[in-house]
Amino acid sequence: MASPFTFFRKYSSGMMIVMVILSMLLFTLTDLFSDPSAKFWLLGLLIGGAVFGVAGISQGKWLQWGLGGSVLGVLLGLILPSFAESGGIATNVGVVTQEEQNDMYMRRAIANRFLAGAIEQTYGPMFFQFQAPPRFGFRQRTETEDLIFGKLMRAEADRLGLEVTPTMVKEYLTNMTDGQLTKSDYLTIRNSLSYNGQTLTEELASEILGDEIRARMAYDLTMPFRATVPPSPEVYWEYYKRLKVQQDLELVAVDVEEFAGQIAEPSDGDIASLFDEYKTSMPNQQEAGAPGFFLPTRIKVAYAELDNEKLKSAIEPVTEEDIKKYYEDNKESPLIRIPVFPDIEGTDTSDVEAEEPQTEAPQSEEPQTEEPQTEEPQSEEPQTEEPQTEEPQTEEPQSEEPQTEEPDDCGVFQDETPQNSDEPVEPPATKEPEPPEVPATESTEPATSGAETTPESQDGEAPVTDDSQSPNGEIEGEGTPPLSLEIPEKPVGTTPPEMPEPTYEYRELDEELSGEIREAIEAERIDALTNQRLADLKSEMEGIARERDKQQFGIIEADSAKYEVGNDGDKSAYDDLRNEMRALEVEYNKTLKAAAEAAGFAYVETGLLSYADFVDGEDYPIALATEPVDNPMMAPQASTVAQTLFQNFNQDSQNNNAQLYLARQAQKTDIALTGGTSYYVYWAIDYDKSHEPKLDEPGVRDAVIAAYKLGKARDLAKTRAEELAARIRAVVDAEGTEEQGFAEILKDETSTGAEDGSALAPRRTLPFSWMKTSSAGQMGMQQQATMSTIEFRDESGGFMDDVGGKFMESVFTELSDDEVGVVPNYDLSKYYVVHVQNRFPTAEVGEDGLRDQFAAEGKQFSFRNSAILTPIQQDLAMTALRKWELSVWEKYGVIEAQPETE
């Protein structure tokens, strides 16, 4: 056997040439190799050229063979990646296959469940009834995009050298739970989770949580901060005016959809072109009014609705015997036993009357002068007992505080009377001569004792005067009680009489009470019948679900290997299972419908609906119904049916299959005067994962045609709105004409201008500003500014539901006061002819005062607590954030770089 070295010695010159060429390529094409999209064909070029070049040496045609091998290698390098990337997403950090996407979803789900479990273990299971559980993620359009963006953020973390240790993971959980998470709670959560069918280990739990934390750290470090785009004073001023400037509108709407019938059918080329441009976008995503054909997660719902008001005919009639029995059995209820309060006017109010003069004492001396006149025939003893209590000792100084601000220096207010210990206080002329004064330490006259002290009394010493009269002019005898500075338990002179305990009596069983009892009995019977029927129907649904599960498990057991976790086809297997089960579920749905209608329920089966389609409009009132709660006041805090359903569906077919045919209950109370509560039993019966659609999918082509016609119809609607605006403007601007409203000017016009067009409906709004603040802000929280709602002032009332930021900008900045113009709504589905009225302040009138107010607030608070701070930051920072996220997708080669716009 010939030695390899013999072959090398024989063809050494050719081999050296090949090696030199390969070395030159290696050093000169380094930059090309750094581009992942070029790796495969370059690798094919080098390997193919080298292998075939060496093989051609023996034939003396190494160059020809080498070139041929290079061409073949390039072709293989271009073709093979297309097979490797099928079902995956190409990035500069590798192709993210479908399997890797599923694994990322599983790891994200574990991290979120771990975080939610930690908080639930700390604060209890009721915590998430008041707020949504925390979740890792980056708020991307779809869950798949969010997972891919997380991978890109981990690549950024690698570039920045960020590491997250197990200790850091535990510190993160400790911070999220305010240090309340115990080791036992941590182990309970970890042991409740599994990964690929195995219990989660300590190392794997730290790794999964660490990856999510590390991605978030990279996001926070690389995203643009608000501080990088500081607003100028002029920006603050413009946002300040959004809060303060008000106006009202007279308007009329021209609906674009009414003109769609005038648009010819599009060609196949037009349909394909429009679909290709917007198949990866949601409506209004690229720009206002732009179509979007990307399909979000959609769910098909079946529900049975029961209106308890309609059950009156199904309950037993209430008889007179029922009413009498209810009366006897419920005598202690508030309906029959009512409280009776004694007549307050008949109670003894002598204490209150005796205190009334005391409340007048601080104002003048008159009460003091009146009392000696009424007490003249009496001895001096009643004078000492006159107040009957020492209450005036504290009452009079308290009442003098607001007038003199010296409660220790004066008791009875006297104008311009010097207050010192050497000169006596002269009594009013209306007073009778008063007996000599005794030292203050012995004076205990309750009426004014302690109220007329000198400044020295503030030091704690009782003043001694040489005057023979006491300040209050009353004789102070030996029997006077000592001076007391105790604060009374109750305010003096203002204590209302104590409310006596009520007595109770039973209402007479008259016609009025009989009617009330009849209604109460009917309500009880209706509630009992409602609960029974709901329970029976839910039980029927659960029986159907058990039968369905039995069929489904039978299919899985028949080919269990196909559904094993980790199997390459396990995800597609559940898609196949879903298609196979649909045929069986048709019969289940028919059974449910028959059972619901037999029990008096209205049965409804929706089509596949996105979240927005489900909650918008009035077609499906169940969407905003809530889970049953014991306390009706807590209903607004409970999850709606739409939230409950859509938060449980994702891109995992196995999970989604498990969410189908789970029977749940909900209820919704009508706030209208008619009242009434609707009760629901519901479940999801089908779903469709979010995805980029194909043109031949059901409903997609029709959606594209409708979007095409609406786009063309906008020009017609706008033209018609401009015609109406010109007519109104001519009347408004005409001199010497009386002011006329839209209803008068447009009384003979239709929306489209044709006789068969719909009638125009002019309306007036109440005054509104561009933005508003909450009138009941939370304590300690910065007040937030949000876009105002525009309310109509006519009898129909209601609000404009299609206003957007562009509409507000147009009516406040592009149109002047008393100007007529045309303004579209947020999605260009309507064009409004508007007449701006009563704007204040305007640039000509009142704005100077507003500027002064703005300058004063800015100087005092620097707008730290201003409501305009949040919208400024959101408008500026969110724009920068969206551009930065787009740059990340471009940087890692997921999307093509967008051309710079001038």
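## Strands, cores and salt bridges in a predicted model

Leu249 stands opposite Val836 in β17. That pair is a handy place to start looking around this structure, which is a predicted model.

**Around strand β5**

β5 and β17 (residues 830-840) run antiparallel and are paired over nine bridges. β13 (residues 768-769) is joined to β5 by two antiparallel bridges, and here Gln247 has Phe768 as its bridge partner. Seven of the 10 residues of β5 (residues 246-255) are buried, so the strand is largely enclosed by the rest of the structure.

Is Arg242 buried or exposed? Its relative accessible area is 18%, and because buried means under 20%, Arg242 counts as buried. Beyond its neighbours up to four places away in sequence, Arg242 touches Ser769, Trp770, Met771 and Asp875.

**The four-stranded sheet**

Elsewhere you will find an open sheet with antiparallel pairing, its four strands in the order β9-β6-β11-β10. β9 (602-605) and β10 (664-669) are the edge strands; each has a single partner, so one side of each lacks a neighbour in the sheet. From one strand to the next, the twist averages 25 degrees. In this sheet, β6 (residues 298-307) and β11 (residues 677-688) are joined by 10 bridges, and Glu305 finds its bridge partner in Tyr680 of β11. Helix α18 (residues 511-558) packs on the sheet and touches β6, β10 and β11, with its direction at about 15 degrees to that of β11.

In soluble globular proteins, nonpolar side chains tend to be buried together. The largest nonpolar core here has 44 residues, and those with the most contacts inside it include Leu537, Phe601 and Trp683. At least two residues of this core come from each of β6, α18, α19 (570-598), α20 (611-615), α21 (641-646) and β11. β11 gives the largest share, eight residues. Trp683 makes contacts beyond its neighbours within four places in sequence; among them are Val301, Met541, Leu592 and Tyr661. Another core, of 30 residues, lies apart from the largest one and includes Leu249, Phe792, Tyr832 and Ile872.

**Salt bridges**

Side chains of opposite charge can pair when their charged atoms come close. The structure holds 39 salt bridges, and three of them are listed here.

| Salt bridge | N to O distance |
|---|---|
| Arg793 and Asp248 | 4.0 Å |
| Asp575 and Lys689 | 3.7 Å |
| Arg720 and Glu749 | 2.7 Å |

How many residues apart are Arg793 and Asp248? They are 545 residues apart, linking the loop between β15 (785-787) and α25 (805-814) to strand β5. Arg793 is partly exposed, at 40% relative accessible area, whereas Asp248 is buried, at 3%.

Asp575 in helix α19 and Lys689 in the loop between β11 and α23 (700-733) are 114 residues apart. Asp575 is partly exposed, with a relative accessible area of 29%. In the remaining pair, Arg720 lies in helix α23 and Glu749 in the loop between α24 (742-745) and β12, 29 residues apart. Arg720 is buried, at 8% relative accessibility.

Salt bridges also form a network, which links Arg548, Asp549, Arg578, Arg582, Glu585 and Asp686.

Notes
Residues numbered from 1 in each chain as written. Predicted model: local features only at pLDDT ≥ 70, side-chain atom pairs only at ≥ 80, totals over all residues. Heavy atoms only, no water. Pairing = 2+ DSSP bridges. Axes fitted to C-alpha atoms, helices over the stretch in contact; angles between N-to-C directions. Contact = heavy atoms within 4.5 Å. Buried < 20%, exposed > 50% of the residue type's maximum accessible area, 1.4 Å probe, protein only. Core = buried A, V, L, I, M, F, W, Y, C linked by side-chain atoms within 4.5 Å. Salt bridge = Lys/Arg side-chain N within 4 Å of Asp/Glu carboxyl O.
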